[in-house]
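User: Can you walk me through this one? Keep it quick.
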Amino acid sequence: MEYLNNEQIKKYIDKILIDKSITKVKLASRMDCKPQQLNNILNKRNLAFKDVQRICNALDLELHIDIRDRADKTE
């Protein structure tokens, strides 16, 4: 997935929750936080890598970051 913005990440997390039949309440529980805290994390203007990693850990997912030179992008 090519990163565009935080809204895209939030939608992707929502899709994963649907695919795994997990509610945000359950995700918050797995992250050892309250649902409101999870909403605050997801609604931050700048979503931190550490928060994405916490979410991935709670969903039993691996986070991979691939940084590429734009000049190498093939069309």
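Predicted model: local features only at pLDDT ≥ 70, side-chain atom pairs only at ≥ 80, totals over all residues.

Analyst: Residues are numbered from 1 along each chain as its sequence is written, and side-chain values use heavy atoms, with hydrogens and water left out.

User: How many residues does helix H1 have?

Analyst: Helix H1 (residues 6-19) has 14 residues. Helices are DSSP runs (H or I, at least four residues), numbered from the N terminus. H1 reaches 20 Å from its first C-alpha to its last, close to the 20 Å expected at 1.5 Å a residue. That expected span is 1.5 Å times one less than the number of residues.

User: What sits at the start of H1?

Analyst: A side-chain oxygen of Asn5 comes to within 3.1 Å of the backbone nitrogen of Glu7.

User: And what follows H1?

Analyst: Ser21, with a positive phi near 55°.

User: Which residues of H1 are buried?

Analyst: Asn6, Gln8, Ile9, Lys10, Ile13, Ile16 and Leu17. Buried means under 20% relative accessible area, exposed over 50%, partly exposed in between (1.4 Å probe, protein chains only). Their cover includes helix H2 (24-30), helix H3 (35-42) and H4.

User: Switching to Asp51. Buried or exposed?

Analyst: Asp51 lies in helix H4. It counts as buried because its relative accessibility is 3%.

User: What does Asp51 touch?

Analyst: Leaving aside neighbours within four places in sequence, Asp51 is in contact (heavy atoms within 4.5 Å) with Ile41 and Lys44.

User: And Ile67, buried or exposed?

Analyst: Exposed, because its relative accessibility is 77%. Ile67 lies in the segment after H4 (49-58).

Note on methods
Helix = DSSP H or I, 4+ residues; strand = E, 2+ residues; numbered from the N terminus. Polar contact = N/O pair within 3.5 Å; in protein donor to acceptor, adjacent residues only side chain to side chain.
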